[in-house]
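Please work through the exercises below with the sequence and the model open side by side. Each task is followed by a solution that goes step by step.

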Amino acid sequence: MKLCHHQNHSSNRERSKMLLRTTPHLYDSNVSRFPLFGSASPISTQAGVSSCVVASPVLDTGLKLSKQATGSSQQGLVRKTRDHVKHSTANAYGQGAPGSVLEEEAQLPETSQPWETSPGQASPLGVSEVDRGVNFAIFSQHATAVTLCIKVADRGQFGGPDGGMTELALDPNENKTGDIWHICIKDFPRSNVLYGYRIDGPHGWDQGHRFDSSIVLIDPYAKLVEGRRCFGDSREKLSGFLGTYDFDSSPFDWGDNYKLPNIPENDLVIYEMNVRAFTADESSGLDPNVRGSYRGLIDKIPHLLELGINAVELLPVFEFDEFEFQRRSNPRDHMINTWGYSTINFFAPMSRYASAGGGPLKASHEIKEMVKALHGAGIEVILDVVYNHTNEADDAYPYTTSFRGIDNKVYYMLDPNNNGQLLNFSGCGNTLNCNHPVVMELVLESLRHWVTEYHVDGFRFDLASVLCRGTNGAPLDAPPVIRAIAKDAILSRCKIISEPWDCGGLYLVGRFPNWDRWAEWNGMYRDDLRRFIKGDSGMKGSFATRVSGSADLYKTNKRKPYHSINFIIAHDGFTLYDLVSYNFKHNDANGEGGNDGNNDNLSWNCGYEGETDDSTIKAIRSRQMKNFHLALMISQGTPMMLMGDEYGHTRYGNNNSYGHDTAINHFQWGQLESRKNNHFRFFKEVINYRKTHHVFGRDTFLEKSDVTWHEGNWDNYESKFLAFTFHDNNGGDIYIAFNAHDYFIEVPIPAPPGTRKWFRVVDTNLESPNDCVLDGVPGIGGTYNMAPYSSILLEAK
């Protein structure tokens with residue numbers, strides 16, 4: 001198994017630096033330029049495009065124009081209208097940059113804005129309400145000039161006839177405290193404002209600086225981000241993003257009877273899922289304006305309840321640009337980022353997951369409604385968060401939207417011995433400098449915001465080993481940011497889960513700095529179970545270690561079995577169906593000639609590559625999927641399964657499907673319905689069995705009295721059979737056996753405890769509904785004839 005899910009698909013995240021130099025009133029549809037926000041026409045429903053009708057904002061990130069404001073107490077802060085605007089990346093950086101830059105001359109009429117300003121205050125960062133005004137504050141240690149760019153909506157709608165922005169140049173003698181630049185605008189609108197910053201500074205590339213004052217940058221502390229309104233709207237794929245805020249809306253009503261689920265970690269059953277992909281398909285039966293949204297997920301909570309999971313782990317819901325692959329010609333420019341591992345801002349919810357193209361404010365409201373509804377159903381919400389890198393890519397094809405242009409030398413790890421180049425431990429072109437004090441505080445404030453504002457229950461940290469590196473990239477024994485997260489008072493109730501590896505080879509499974517709190521994605525569990533169940537030799541001992549809680553990895557200090565997040569399948573790699581249907585990846589649709597994605601998937605196609613009508617092969621595949629699921633649910637530790645595996649979703653062998661906003665990733669509700677009475681039934685019944693038998697969810701590691709291994713020959717390299725009994729204090733012992741041989745085995749069954757008898761609950765070789773009978777089937781004798789590639793579970797009753 002590959003150790004880094006970004007390593008192949010994003011090792012050269014390709015983006016071009018495209019700087020907008022047009023204004024809406026000069027737009028000519030016959031000339032190739034950036035598309036405008038403002039369309040009010042329906043978007044046709046097709047792959048990668050949400051169907052929604054919306055009056056979107058005119059958003060001109062990179063536009064170096066301004067209106068002259070009058071009536072200010074600091075007239076020197078205001079830039080006047082420029083008659084001619086021309087900027088060059090070569091001039092900004094002292095060297096050329098790839099990609100063409102659109103330039104255009106423009107004139108804007110001067111208008112008056114009666115805004116009075118004052119120096120403002122340095123805290124808090126971002127936008128805040130103060131007495132009679134709105135305060136703006138941004139950190140930049142190395143900047144020499146900072147300009148606040150603002151645009152006020154007209155009659156409640158973003159946009160306007162000219163699209164210009166008012167620019168307020170901050171005086172370092174008046175508007176700077178330490179490394180924080182700030183300004184207060186008195187009697188300023190409390191909502192319906194777009195804002196960003198132009199920042200200039202040293203242009204020494206070899207010193208790590210990447211300042212470019214021609215780009216309007218997003219505030220890292222912006223709580224909302226405005227951009228295109230509809231996911232996958234190709235007419236606006238090169239549009240930009242700006243911060244916005246809202247102090248007018250009433251606080252969200254969580255309800256008088258609202259409460260957090262507070263599920264103990266040893267009782268969790270996690271379901272990894274993608275908000276958009278869950279309901280984007282037409283088969284969801286939802287209104288086109290609701291498909292692929294936070295609201296769409298709410299409508300499908302009954303499915304989650306029927307399945308029996310009690311925690312969802314959501315693929316990234318921070319603002320990201322789904323069109324990042326299409327900013328220039330490249331082998332991947334046909335794809336849309338549907339996974340979201342390319343963060344633009346760490347505070348703002350993904351605005352295009354709002355229903356009907358509702359924008360950032362609606363997205364913020366609807367994600368709260370989603371969390372509230374999930375909590376009301378007893379389901380916790382864990383966010384997959386990406387603090388190891390951002391969307392801004394590398395130096396070859398940078399996509400500057402925020403951090404890079406604000407203070408590249410602070411926000412990213414650099415190699416001072418290599419001309420100040422970006423270090424790349426994320427596989428995505430850059431590495432966030434998380435253990436720098438300023439960046440660490442940004443991470444902590446972001447996490448606190450999601451807990452206090454959105455009531456989420458925990459976080460899974462993508463490529464978390466990056467967070468264990470110092471500012472020079474070297475591994476740290478006690479990473480400050482990891483410790484701070486573990487010790488933070490606000491985060492104390494949260495589940496915190498690491499993906500304990502990165503793309504620089506820092507593999508920390510079982511060794512992740514944890515302060516007795518951090519759980520880990522157990523990559524060794526995944527690999528060992530795949531090997532044993534597909535029939536590899538010499539794996540019996542490793543299999544036994546993994547299903548009994550991986551004590552070899554986690555029985556240290558005060559760690560518990562539930563600190564092992566057990567999984568066989570995750571978003572990255574094969575689905576469960578593909579794991580038993582393909583020996584090789586089939587990634588041609590990705591456009592990289594099959595060079596992306598992992599080559600070693602520890603999979604077995606059961607005798608034929610891909611789809612087949614052979615009933616024998618199909619039967620083996622069905623058994624194998626059941627075997628994997630049963631093993632996952634009876635293992636000590638915290639189980640996690642992937643969305644769609646409950647009905648056998650296929651990506652047709654694509655093990656790196658990050659760029660397909662199609663049925664490859666979308667949940668297929670029709671297939672679920674057709675398999676409700678067989679495959680799905682088995683999956684939900686086994687989950688239910690785990691939840692009602694706490695012998696599988698111990699909060700302490702197994703002792704000798706807790707398990708009996710029915711095995712006298714652990715050293716037999718060719719043995720692919722294992723049987724064991726978990727003992728229950730009340731006598732309700734559970735016997736489990738796995739046969740990974742390709743032949744039948746006559747298995748001796750131990751005597752049940754006391755006067756009890758064995759009842760068969762599971763036999764994966766049987767057809768539904770006999771493959772899982774929760775009440776158990778009596779009549780089990782002294783032996784049991786186990787089929788090839790099958791497993792059984794017996795309960796003493």
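The exercises that follow concern a predicted model, and they go from the whole chain to single strands, helices and rings.

**Exercise 1. The chain as a whole**

Task: State how many helices and strands the protein chain holds, and what share of its residues is buried.

Solution: Begin with the secondary structure, which comes to 15 helices and 28 strands. Next turn to burial: of the 797 residues in the protein chain, 64% are buried. Then consider the surface, where the chain exposes about 27,100 Å², with carbon and sulfur atoms supplying 47% of that area. Finally, look at contacts between residues at least 6 apart in sequence, of which 74% join residues at least 24 apart.

**Exercise 2. An open sheet and the helix across it**

Task: Give the strand order of the open six-stranded sheet and explain which strands stand at its edges and why.

Solution: The order across the sheet is β21-β22-β23-β28-β25-β26, and the pairing is antiparallel. Because β21 (707–709) and β26 (772–777) each have a single partner strand, one side of each is left without a neighbour in the sheet, and these two strands stand at the edges. Neighbouring strands of this sheet are turned by 15° against each other on average, direction ignored.

To finish, place the helix: α15 (residues 679–691) lies across β23, β25 (758–763), β26 and β28 (790–796), and runs at about 55° to β26.

**Exercise 3. Arginines over rings**

Task: Identify the tryptophan rings over which R210 and R460 lie.

Solution: R210 lies over the face of W205, at 3.9 Å from the ring centre. For R460, the ring is that of W521, and the distance from the ring centre is 3.9 Å.

**Exercise 4. An enclosed strand**

Task: Decide whether strand β13 is enclosed or open to the outside, and describe how its side chains are arranged.

Solution: Six of the six residues of β13 (residues 380–385) are buried, so the strand is largely enclosed by the rest of the structure. E380, I382 and D384 point one way and V381, L383 and V385 the other, and all of these are buried. On the pairing side, four bridges join β13 to strand β12 (residues 311–314), and the two run parallel; V312 stands opposite V381.

**Exercise 5. Helices α7 and α8**

Task: List the buried residues of helix α8, say what covers them, and describe the setting of R448 in helix α7.

Solution: In α8 (residues 480–487), the buried residues are V481, I482, A484, I485 and A486. Their cover includes α7 (437–452), β16 (458–461) and β17 (495–498). R448 is found in α7, and with 16% relative accessibility, against a cut-off of under 20%, R448 counts as buried. Leaving aside neighbours within four places in sequence, R448 is in contact with E441, D488, I490 and L491.

Note on methods:
Residues are numbered from 1 along each chain as its sequence is written. This is a predicted model: local features need pLDDT of at least 70, side-chain atom pairs count only at pLDDT 80 or more; totals for chains, interfaces and linings use all residues. Side-chain values use heavy atoms; hydrogens and water are left out. Two strands pair if DSSP finds at least two bridges between them. Axes are lines fitted to C-alpha atoms, for helices over the stretch in contact, and angles run from 0 to 180 degrees between N-to-C directions. Contact means heavy atoms within 4.5 Å. A charge sits over a ring if NZ of Lys or CZ of Arg is within 6 Å of the ring centre and within 35 degrees of the ring normal. Buried means under 20% relative accessible area, exposed over 50%, partly exposed in between (1.4 Å probe, protein chains only). Accessible areas come from the Shrake-Rupley method with a 1.4 Å probe; for residues, only the protein chains shown count as cover.
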